[in-house]
Amino acid sequence: MADPAFMKLTIEEKDVAVLTLDDPRGSANVLSQAVLGELEQHLNDLEGRKDLAGLVIRSGKPGVFIVGADIREFLAGLGAPRDQILGMINRGRQLFQRLSKMPFVTVTAIEGQCVGGGAEMALWCDRRVMSSDSKAMFGFPEVKLGLLPGWGGTVRAPRVLGLSNAVEIVTSGESIDAKTAAAMGLVSDLVPSAKLLPAAIQVIRSEQTGGQWQRDRKRWNGPLNISDTELGFLGATASAFIQGQTGGQYPAPLAALEVMLESAGSDADTAGAAEAEAMASLFGTPVNRALINVFFLTDRNKKDTGIDRKDVKPGAIKSVAVVGAGIMGQGIAAASLKRNLSVTLADAVPDALSKGVQQILEEVAYDKEKKGPDAAKAVRYAGLLNPATADAEVAPADLVIEAIVENPEVKRQLYARLEPQLSPQAILASNTSTIPISKLAESLKRPERFCGIHFFNPVRKMPLVEVIRGAKTSDETVATAVAYAKNIGKSPIVVNDGPGFLVNRLLTPYLNEALELFADGAEMKAIERAAKEFGMPMGPFTLYDVIGLDTSFYAGRVMYEAFPDRTAASPILPALVKAGRLGQKNGLGFFSYKDRGRGAPDPAANELIKQYVNKNPQKFTQEQITARLFLPMVLEATRILEAKVVRDPRDVDLGLIFGVGFPPFKGGLLFWADSLGAAKIVEMLAPFENLGTRMKPTPMLVEMAKTGGKFYAT
């Protein structure tokens with residue numbers, strides 16, 4: 001059987017060639033080596049033609065142009081020799097560069113996403129037209145994989161868009177919309193999708209008459225017109241900004257900046273060679289491998305239905321009721337409302353309900369450009385939001401999510417009232433973060449239609465949702481909950497029931513060990529610094545304050561009752577809570593937040609907790625602090641895997657990255673553990689054996705150390 005064709009060549013108006021990319025393997029165009037080979041053949045055939053005025057490259061996929069290179073091919077080449085990597089990089093750039101040397105005008109017609117290698121292909125063309133559709137996006141996400149654009153992105157972007165614009169879009173990894181692209185001078189015209197081809201042909205006709213494309217070719221092939229002073233200022237400011245954004249943990253943005261600055265005075269060919277060398281130096285590094293792993297974690301999650309059976313389909317969720325108008329209830333309601341679901345918000349307290357509705361509408365109506373609420377949006381969403389104080393108004397919903405106080409008896413009383421009024425097909429769910437779902441379901445008539453849907457705070461920012469399966473939860477209920485979470489833009493993972501579920505069960509050893517380290521004599525600032533230099537978004541004591549010390553105390557008590565052999569009962573949290581220090585919610589926790597909300601060391605807190613420091617404090621290196629903070633998490637992860645709390649080790653890593661901000665550049669907790677190796681981890685744990693079970697290698701880890709096993713076995 002012949003290889004499938006990835007593109008089709010047609011002739012429009014006798015002298016305009018149209019190359020339509022339409023990868024038969026999926027819903028998006030991906031630049032695999034096979035696709036590049038076919039493009040090369042088409043360019044070979046077109047290059048010698050004298051009867052063409054122009055070439056238009058477009059997509060046959062509705063709503064998408066090209067989503068970039070084939071990352072699976074990248075993965076396969078990670079261990080290749082440097083000369084082979086350079087060959088792969090140079091091939092792509094030199095192929096695309098031919099578009100800027102064809103004997104006729106080349107135009108890209110961009111519909112939908114045009115990112116990565118697709119963006120580079122578009123930039124090597126003489127002109128671009130773009131859909132005015134809101135889905136049209138242009139960008140270079142390579143830095144999010146620990147790489148830089150290697151097929152001419154750092155060469156062409158500064159010359160076409162200007163160096164400042166190029167630095168912004170290349171080093172940030174963020175895409176720009178059609179309006180911004182036009183403002184930058186990236187595109188010649190913005191038109192509706194249906195008019196892209198006529199617009200592209202019109203650009204060719206215009207260039208035939210004016211000839212500006214030939215002058216631009218010459219200019220874009222040479223060095224940039226920028227003074228040393230301008231170059232130095234841009235380099236200094238951009239470098240400082242990038243360092244502040246990345247904390248020095250992500251080398252790709254700085255490498256991209258450096259190659260663009262150093263190549264500013266060179267011609268395109270010299271700049272391309274420098275780009276290839278820089279790309280090859282990043283390819284296959286630990287950060288690149290880790291970020292590619294995160295890419296695949298995310299990609300897998302997008303495709304995962306939450307169940308292993310293929311004969312079960314999710315139910316339709318068109319209406320959602322959220323019971324509880326507090327911070328979490330507001331966030332869940334707003335997330336659902338943004339996806340145009342009909343939402344009922346219920347609360348027994350009228351003032352709380354009124355405030356909740358106001359907060360929700362302010363969130364969903366927020367306009368980035370106006371930096372405030374948009375009145376038209378507010379009116380539109382208000383029509384979908386129904387405030388309610390009566391159970392009967394909640395009952396018609398397809399999905400009811402309870403987000404009330406963390407008290408099992410209060411929750412059960414609510415369920416006893418609500419369940420008889422719900423449709424037999426409706427799902428009842430709890431947003432509980434600690435209470436076992438099976439216990440909450442004990443008195444339900446339809447426990448198979450009950451599950452946990454645990455959001456993380458703040459809901460608008462946190463992508464993770466834990467879908468918790470109780471002992472009697474049905475596959476259809478799980479699949480429906482997963483589909484709902486994805487529909488509102490979240491990344492759900494399915495977790496079997498148990499104390500702390502997944503994320504809180506893994507987070508507890510980390511937070512608990514911070515308290516124990518402090519009690520053993522480590523300085524709070526040293527513990528905070530070790531965590532942040534490891535890559536965590538904040539130190540554990542700051543995280544305690546964000547979560548709330550009272551909430552943390554309650555969750556810690558649940559974990560202590562479940563796992564007393566490895567959960568230390570520190571007196572520090574109850575002492576602070578008793579003193580009225582609850583964290584950021586009231587401005588006083590481990591730190592004080594009275595100065596514009598910024599956490600600052602607080603002598604009053606230090607005085608209160610210093611009595612709990614051991615009389616013979618120990619001295620710790622940063623490496624020892626780091627090991628004590630993170631190795632207990634690895635041990636708990638092995639217990640989670642042994643107990644089959646999750647279906648796949650990758651759920652552990654995705655859960656921690658999306659749920660608590662575990663550093664993506666380490667690839668996830670278990671990916672990081674694999675980079676160390678089980679034998680090395682056992683060796684690192686040996687000095688802490690006197691601390692008891694929480695630092696003792698588990699049977700799974702011991703076996704992996706003996707056999708050389710890895711969490712990512714495949």
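1. S32 counts as buried, at 1% relative accessibility; buried means under 20% relative accessible area, exposed over 50% and partly exposed in between, with a 1.4 Å probe and protein chains only. This residue lies in the loop between β2 (16-21) and α1 (33-47). Helices (H or I, at least four residues) and strands (E, at least two) are DSSP runs, numbered from the N terminus. Not counting residues up to four places away in sequence, S32 touches R25, D70 and E73, where contact means heavy atoms within 4.5 Å.

2. A note on the basis of these values. The model is predicted, so that local features need pLDDT of at least 70 and side-chain atom pairs count only at pLDDT 80 or more, while totals for chains, interfaces and linings use all residues. Residues are numbered from 1 along each chain as its sequence is written, and side-chain values use heavy atoms, with hydrogens and water left out.

3. On the overall form, the secondary structure of the protein comes to 31 helices and 22 strands. The protein is as compact as a globular protein of its length, because its radius of gyration is 28 Å, close to the 27 Å that the globule rule gives for 714 residues. That radius is taken over C-alpha atoms, and the rule is 2.2 Å times the number of residues to the power 0.38. Along the principal axes, the C-alpha atoms fill a box of roughly 80 × 60 × 55 Å.

4. The protein exposes about 31000 Å², of which carbon and sulfur atoms supply 53%; accessible areas come from the Shrake-Rupley method with a 1.4 Å probe, and for residues only the protein chains shown count as cover. Among contacts between residues at least 6 apart in sequence, 74% join residues at least 24 apart.

5. Helix α5 (residues 153-161) is largely enclosed by the rest of the structure, because 9 of its 9 residues are buried. The buried residues of α5 include R156 and R159, along with V155, V160 and L161. Just after α5, G162 takes a positive phi of about 95°.

6. D189 has its place in strand β10 (residues 189-191). With a relative accessible area of 33%, D189 is partly exposed. Leaving aside neighbours within four places in sequence, D189 is in contact with R128, V129, M130 and A199. D189 and Q202 are 13 residues apart in sequence, and their C-alpha atoms are 10.0 Å apart in space.

7. On a 1 Å grid over the protein atoms alone, a cavity is a set of points where a 1.4 Å probe fits but cannot get out, and lining residues have an atom within 4 Å of a point. Grid points are joined across faces, edges and corners, and a volume is the space filled by probe spheres set on the points.

8. The largest cavity holds about 120 Å³ of space. Of the 13 residues that line the largest cavity, P509, R566, T567, E636 and R694 are the closest to its centre. The elements that give two or more residues to this lining are α21 (503-520) and α27 (622-642), and α21 supplies the largest share, 5 residues. By type, the lining divides into 4 nonpolar, 3 polar and 6 charged residues. Here Ala, Val, Leu, Ile, Met, Phe, Trp, Tyr, Cys and Pro count as nonpolar, Asp, Glu, Lys and Arg as charged, and the others, Gly among them, as polar.

9. The second largest cavity holds about 50 Å³ of space. E419, L422, A426, I427, L428, L444, R446, R449 and F450 line the second largest cavity. That lining comprises 6 nonpolar residues, no polar ones and 3 charged ones.

10. Some backbone features in loops also deserve a reader's attention. The peptide bond from N457 to P458 is cis, with omega near 0°, and P458 lies in the loop between β18 (450-455) and β19 (464-469). E13 is not a glycine, although its phi is positive, at about 55°. E13 is found in the loop between β1 (7-12) and β2 and counts as exposed, at 51% relative accessibility. K644, also a residue other than glycine, has a positive phi near 55°. The place of K644 is in the loop between α27 and α28 (649-660), and with a relative accessible area of 59% K644 is exposed.

Definitions and conventions:
1 Å grid on protein atoms, 1.4 Å probe; cavity = no way out; pocket = protein on both sides within 12 Å on 5 of 7 lines; lining within 4 Å.
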